[in-house]
Amino acid sequence: MPIDAAKAVAAEPRSAEIAWDHKDVQLYHLGLGAGVPATDPDELRYTLESRLHVLPSFATVAGAGMGVVGGLGAPGIDIDLAAVLHGGQSITLHRPLPVSGRAVSTSRVAAVYDKGKAAVLVLRSEAADSDGPLWTSDAQIFVRGEGGWGGDRGPSERLVVPDRAPDATVERPVREDQALLYRLSGDWNPLHADPEFAKLAGFDRPILHGLCSYGMTLKAVVDTLLGGDVTRVRGYRTRFAGIVFPGETLRIRMWRLTDADAGDAGDRVQVTVTAAERDDAPVLADTVVTVVTVADPS
């Protein structure tokens, strides 16, 4: 079997220094579709260096040193990229991300699960700078055809969509060239650019990066429900439930969770994302943004 689960989990973590500056942040935001309209003050927070703030999902590409594809080179893992799909992603923010910075990123395979027809790798990255921890990120990677060895199936949490109308619904178009721009932030998987490679993976044309739709969704939540304040985001997780093709439209539905909905402390926003042109085909599911509560000024 190309995946040796015990060897992968037991391997020593790999560390690397990473760095980024305002140009990396701006390129990432542009890859998510920021900057439309170009002179909108709300969009300038994502595109103009003198007003720049950092969307927390930037953590998935910061430094572009040890991303998802890089993690697939860990000891005990020898797989075909054409069999790989990004199954889920979570980020925990320990403090707001700076516009420029240097940090040490430590990555390891945190778990390997046997889903029968596929294996799931949990690739964990933790970043810290001289002031302490910045973020912890978990990527769940499905590897088709590599399950069935009798290992732990792992967790299988599914969220129930609230039985009421969303508090907000927005649509975000995906440009035809968006995957080509987004990949400049460091995810060079040819699945998102090369039509021939996409066919080998079972798609008739390249698909959008899951992490691009992930970032677009967080931007929509921040802009729509959080007053544009990126510092309120403390965590963000999703399951990639379907694909998106460049040129399609994301339909993003958001629910503010009450204490009864959440079942625990802290404010949260639950989100579903679908492809509008394909009869609301699922794109992101089991999606939650954990946010800092803002005190009522009254």
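Author: What follows begins with the pocket and then turns to the cores and to a few individual residues.

The model is predicted, and the values below are computed from it. Its largest pocket has a volume of about 1,000 Å³, and 43 residues line this pocket, with Gly87, Gly88, Gln140, Phe142 and Arg239 lying nearest its centre. Several elements each supply at least two residues of the lining, among them helix H4 (68-71), helix H7 (210-225), strand S4 (118-129), strand S5 (132-144), strand S7 (233-240) and strand S10 (281-291). Strand S2 (84-93) belongs to that group as well, and S2 gives the most to the lining, with seven residues. Sorted by class, the lining of the largest pocket has 22 nonpolar, 14 polar and seven charged residues.

Aspartate 286 counts as buried because its relative accessibility is 10%, and the cut-off for buried is under 20%. Aspartate 279, by contrast, is found in the loop between strand S9 (267-275) and S10, and its phi is near 55°, again a positive value in a residue other than glycine. With 75% relative accessibility, aspartate 279 counts as exposed, since the cut-off for that class is over 50%.

In soluble globular proteins, nonpolar side chains tend to be buried together. The largest nonpolar core here has 53 residues, of which Trp20, Phe58, Trp135 and Met254 touch the most other members. Helix H7 gives the most to this core, with nine residues, and H7 is also one of the elements that each supply at least two residues of the pocket lining. A second, separate core has 16 residues, including Ile77, Ala83, Leu123 and Ile141. Leaving aside residues up to four places away in sequence, tryptophan 20 touches Phe58 and Trp135, and its other contacts include Val25, Ala62, Pro98, Val99, Arg102 and Leu134.

Valine 244 sits in the loop between S7 and strand S8 (249-257), and at 3% relative accessibility valine 244 counts as buried. Beyond residues up to four places away in sequence, valine 244 touches Val174, Ile207, Leu208, Leu250, Arg278 and Val283. Valine 244 and alanine 8 are 236 residues apart in sequence, and their C-alpha atoms are 31 Å apart in space.

The peptide bond from valine 36 to proline 37 is cis, with omega near -5°. Glutamate 43, in helix H3, touches both Val36 and Pro37, together with Ala34, Gly35, Lys219 and Asp223, when residues up to four places away in sequence are not counted. Although charged by class, glutamate 43 counts as buried, at 7% relative accessibility, and a polar atom of its side chain lies 2.8 Å from the backbone nitrogen of glycine 35.

Key:
Residues numbered from 1 in each chain as written. Predicted model: local features only at pLDDT ≥ 70, side-chain atom pairs only at ≥ 80, totals over all residues. Heavy atoms only, no water. 1 Å grid on protein atoms, 1.4 Å probe; cavity = no way out; pocket = protein on both sides within 12 Å on 5 of 7 lines; lining within 4 Å. Points joined across faces, edges and corners; volume = space filled by probe spheres on them. Helix = DSSP H or I, 4+ residues; strand = E, 2+ residues; numbered from the N terminus. Core = buried A, V, L, I, M, F, W, Y, C linked by side-chain atoms within 4.5 Å. Buried < 20%, exposed > 50% of the residue type's maximum accessible area, 1.4 Å probe, protein only. Contact = heavy atoms within 4.5 Å. Polar contact = N/O pair within 3.5 Å; in protein donor to acceptor, adjacent residues only side chain to side chain.
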